[in-house]
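Please read these notes with the model open beside you.

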Amino acid sequence: MVPPADSFKTKSLLQLNDGALQFYSLKKMGERVEGFPFSIKVILESLLRQEDGVLVTADDIRKIMSWTPAGDEGVDIPFIPARVVLQDFTGVPSVVDLAAMRDAMKELGGDPSRINPLVPVDLTIDHSVQTDYYGTCYAQERNEEVEMQRNRERYSLLKWAQGSFDNFRVVPPGNGIIHQVNLECLAPVVWKRNGVAYPDSVFGTDSHTTQINGLGVVGWGVGGIEAEAVMLGQPYYMPLPQVVGFKLRGKLPKGVTATDMVLTAVEMLRKKGVVGKFVEFYGPGIKNLSLPDRATLANMAPEYGATMGFFPVDEVTVAYLRKTGRKDLCDLVETYCREQGLFYEGQEPEYSDYLELDLSKVVRSLAGPKRPQDRIELSMMKERFDELVSKQGGAKKGEVMKDGDVLIASITSCTNTSNPSVMMTAGLLAKKAVERGLRPNPNVKTSLAPGSRAVTAYLQKAGLMPYLEALGFHVVGYGCLTCIGNSGPTRDDLAADIVKHDLTVAAVLSGNRNFEGRISPYVKANYLASPPLVVAFAIAGRVDLDMEKDPLGTDPNGDPVYLNDIWPSPKEVNAALTNVDERMYRQAYSTVFQGSDLWNRVPAPKGKTFKWEPYSTYIRKVPFFEGMTAEATEPRKIHGARALAVLGDSITTDHISPAGGFSAASVAGKYLLSLGVKEVEFNSYGSRRGNHEVMMRGTFANIRLKNAMAKGREGDLTALQPEDQVMDIFSAAQEYRRRNVPLIVLAGKEYGTGSSRDWAAKGPQLLGVKAVIAESFERIHRSNLVGMGVLPLQFTTGQSASSLGLDGSEEYDVEIAELRPRAVVTVKARKGTRVIEFQAVARLDTPVEVDYYRNGGILQAVLRKLTSKG
């Protein structure tokens, strides 16, 4: 039974060693709450604490109190996280949006300073450094110098934001990766503010924000535009979710890592189907996982499709806080969570569905060649790769390289570098390999990109850095680098050989994503692996071998060396881990908000509004608010639309809006050349997200994109209709705009999987796309489309573009009879004299999303709301 409304705001007193704090008691909500999943309890507490009768009402609390394992997509609740984290690729366009909103607020007669974050915001600069230099002791220094030269304008904007906005901090470049900094430093787990204790929660403009779930913090990735709305005090509206209980038992066997575990879980959960659901881990096995092991499993929630991969707080959590130099938080965290029933001690809540993994059955694995859920047992790598090249017409060989050769081997990403166990294992394996006289193939580009400075501190203390460097794994920077496609240039002779002979070469990385065209334009086969396996494949120089029984190479005496010969024992790893201590984390983060001399020389503009430079090729005022009126108009029909693209399944946000580098031959490259920018100064799409002119030209520009309208060719091509003339997508969109023709996109299952990047919605919107009709959508991207005023339409069950005979040559009308959540709309596709009529579901999932769509987007809705309040 739900308590009466007047009991919702009752506070209790929490006694701590250093005093007392008030808190909103979950126990007073009745026995029923005790059986809720831990993640649902955290959201309930947020509603209790923030109930104000306006943004959060007593009725909202009743809604979540009515939660059942079935969830309810028809019931939406508001959620306001405690804080927001950003990274620079998504953070720069968010700041550009906020700066443009300040201008629009001023033009509409309001106070620009009202556009200001109301919750704490931390932006970590980690996505811009690239692997220009590697394999040398000076690689990191040179890469950071080049980073500053390339990104001075962007960083100046961020300095303006830090000075102009309240509640806005910047972690300068060179300090680490956003999620590792969040895990090891920023997250308090439990807040105490104004005498009140409450759970930490966070939204991030990066899909792997879920890494913090391993620390017992509720949080997930959202689109930049949703994050901006939350910053400005608007709740995030979400349906009551289902929560899948994932039971872990046993312990990982010898020689198996947390990376192998997460790749196994990704495979299982993708098969299960958890898109839009919470996953909560429990069971006797979790006590056998370190907190970094848990963070690895939580990090890849986007890869298995879940909103979260949550571990509740327990003794391991408290011990980790102490280990990472935050012992001052331990009493508060443990006392509060125990008092609130948020401390895990073997409870089994009532879940919506169940899954189970025996950790002792996990084996050494990789995932690839282009999806994280496609797990391959290490012993099956040769067989699977041979199958791949067989499908491509058989193995090919060039003058320098051949199919299966490793081009890139990178220890990278917060997924794994936040885990001392796998990093020490990699270091010990490197030590044993060097002692056996092994060296990497000279054609392999090797790199080490730790997620925090604490990593190099403990590797150095353990005496392992010299061995990693002897194999070419020098530190190239503290950031995302290869994991997000910043793998840097490829040697000219290797690139020419690969292109000339159309070779299928490989990248092996300890990252979380391996989508087509993401890591390098020269790599067709991308494999995710643990850090020690990355080192092993660098030594082998190829992926077409069974590493469980084939030798990695031979020592100087001609004797074969096998993986098991150099794989460290658990005893050796545990001995190395004694070198990890809290002082390393305290020292690494004592100056986390201070920058280098290079950073300090970046200018910091001042003023309430940003001064846009008319000739900047990095920062441009976005056009989203141009011509905006005080009142919204209600869209009811899309008439005479043409298809811009007809796409297949698992189209990623990397396909829609790539983040990596681009050439002078690309549409974006030609645009920058016309402005006098040299090709060596192009940087990357990700770094140009503050310039909509570049990003429009980079939309659907992935070199591996397969558009069924492009006559069998890959890349950013389509066929202009009705002429059926093949041209680049940007030029076609411009011609359609000249003709005043709206656009749609047709797609298959899992449209928009991958990164949270809002430019995958912004770009199509600016090209004139009014709707995307797909068989299914990934969670974040669907929200981003709504947030940009693009209508996500879902084919009814069993229907698809191919089953209906749609090929993109048609002319489309979309009739919206009634604008309401999940309304069924009628679509008519005219193909000559033939009309194909079908129904689709408008994936406006909540009344609030309907309002966003009616306003033309979430930021327009927020701006109108703020303006109307004067």
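1. Start with Leu448. At 0% relative accessibility, Leu448 counts as buried, a label given to residues under 20% relative accessible area, with over 50% called exposed and the range between called partly exposed (1.4 Å probe, protein chains only). Leu448 belongs to strand β19, residues 445–448. Helices (H or I, at least four residues) and strands (E, at least two) are DSSP runs, numbered from the N terminus.

2. A word on the source. This is a predicted model, in which local features need pLDDT of at least 70 and side-chain atom pairs count only at pLDDT 80 or more, while totals for chains, interfaces and linings use all residues. Residues are numbered from 1 along each chain as its sequence is written, and side-chain values use heavy atoms, with hydrogens and water left out.

3. What does Leu448 touch, leaving aside its neighbours within four places in sequence? Its contacts (heavy atoms within 4.5 Å) are Ile411, Met423, Met465, Leu468, Phe473, His474, Val475, Val476 and Gly477. Take Val476 from that list: its C-alpha atom is 6.0 Å from that of Leu448, although the two residues are 28 apart along the chain.

4. Ser207 is next. It sits in the loop between β9 (201–204) and β10 (218–221). Ser207 has a relative accessible area of 2%, so it is buried. Its side chain makes a polar contact of 2.8 Å with the side chain of Arg513. A polar contact is a pair of N or O atoms within 3.5 Å; within protein, one must be able to donate a hydrogen and the other to accept it, and residues adjacent in sequence count only if both atoms are side-chain atoms. Not counting residues up to four places away in sequence, Ser207 also touches Gly221, Pro302, Gly754, Ser755, Ser756 and Ile780.

5. Strand β7 (residues 190–193) pairs with β8 in the antiparallel sense, over 4 bridges. Two strands pair if DSSP finds at least two bridges between them. Arg193 has Val196 of β8 as its bridge partner. The turn holds 2 residues, and Asn194 there has a positive phi of about 50°. Strand β8 (residues 196–199) is covered on both faces: Val196 and Tyr198 are buried on one side, Ala197 and Pro199 on the other.

6. Look at the open sheet. Its 5 strands follow the order β6-β5-β4-β9-β10, with parallel pairing. The edge strands, each pairing on one side only, are β6 (168–171) and β10. The twist averages 20° from one strand to the next. Axes are lines fitted to C-alpha atoms, for helices over the stretch in contact, and angles run from 0 to 180 degrees between N-to-C directions. Within the sheet, 4 bridges join β4 (residues 83–87) to β5 (residues 121–124), and Val84 stands opposite Val121.

7. Which strands close into a barrel? There are 7, in the order β24-β27-β28-β29-β32-β31-β30, and the pairing is mixed. Neighbouring strands of this sheet are turned by 35° against each other on average, direction ignored. Strands β28 (residues 769–774) and β29 (residues 791–795) pair in the parallel sense over 4 bridges. Ile773 stands opposite Leu793 in β29.

8. Then the charged pairs. The whole structure has 61 salt bridges, each a side-chain nitrogen of Lys or Arg within 4 Å of a carboxyl oxygen of Asp or Glu. Arg757 and Asp654 form one of them, with the closest N and O atoms 3.3 Å apart. Arg757 lies in the loop between β27 (743–746) and α28 (759–767) and Asp654 in helix α24 (residues 653–656), so the pair ties together parts 103 residues apart in sequence. Arg757 and Asp654 are both buried.

9. Two further salt bridges deserve a look. Asp758 pairs with Lys762 at 3.3 Å between the closest N and O atoms, and both residues are buried. Asp813 pairs with Arg830 at 2.3 Å between the closest N and O atoms. That pair links strand β30 (residues 811–815) to strand β31 (residues 824–831). Asp813 is buried at 7% relative accessible area, whereas Arg830 is partly exposed at 25%.
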